[in-house]
Amino acid sequence: MAGEKTDNSQKGKEKQEVRQRRGTYLIRNTSGQDLTICGVRVNPFEKLQIELVKIPENLKRLEERGLIEITEVNGG
């Protein structure tokens, strides 16, 4: 029982650290076509606000190709 409480408190601390590292990003679809970004369908020139710990590689590639614009709103 005592070991379980230690594990749970450690997990709680880890979750809190992740929350503190999380940043809010605004992703704008500049492709002129519908895109699915992080499981959300985004119409052309719409914006999606999302919280991420880090920007995934696939989104970085889309930004490099000029299909999306990623702007950090706060945090990170």
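# Chatting through a predicted model

Q: Let's start with Lys60: what does Lys60 count as at 35% relative accessibility?
A: Lys60 counts as partly exposed, because its relative accessibility is 35%. Buried means under 20% relative accessible area, exposed over 50%, and partly exposed in between, with a 1.4 Å probe and protein chains only.

Q: Where does Lys60 lie?
A: In helix α2. Helices (H or I, at least four residues) and strands (E, at least two) are DSSP runs, numbered from the N terminus.

Q: How far apart are Lys60 and Ile70?
A: They're 10 residues apart in sequence, and C-alpha to C-alpha they're 8.5 Å apart in space.

Q: What's the average pLDDT of the chain?
A: 85, and 86% of the residues score at least 70. pLDDT is the predictor's confidence in each residue, from 0 to 100.

Q: Where is confidence lowest, and where is it highest?
A: Helix α1 (residues 2-21) is lowest at a mean of 70, and helix α2 (residues 57-64) is highest at 94.

Q: How many helices and strands does the chain have?
A: Two helices and five strands. Going from the N terminus, the order is α-β-β-β-β-α-β.

Q: New topic: Ile27. Which strand is it in?
A: Ile27 sits in strand β1, which covers residues 23-29.

Q: Is Ile27 buried or exposed?
A: Buried, because its relative accessibility is 1%.

Q: What is Ile27 in contact with?
A: Leaving aside neighbours within four places in sequence, its contacts include Ile37, Leu48, Leu59, Ile68 and Ile70. Contact means heavy atoms within 4.5 Å.

Q: And how far is Ile27 from Gln49?
A: Their C-alpha atoms are separated by 6.3 Å, with the two residues 22 apart along the chain.

Q: Where does Thr30 lie?
A: In the loop between β1 and β2 (35-37). Thr30 counts as buried because its relative accessibility is 19%.

Q: What does Thr30 touch?
A: Not counting residues up to four places away in sequence, Thr30 touches Phe45, Gly66, Leu67, Ile68 and Glu69.

Q: Last one: what share of the chain is buried?
A: Buried residues make up 24% of the 76 residues.

How values were computed. Residues numbered from 1 in each chain as written. Predicted model: local features only at pLDDT ≥ 70, side-chain atom pairs only at ≥ 80, totals over all residues. Heavy atoms only, no water.
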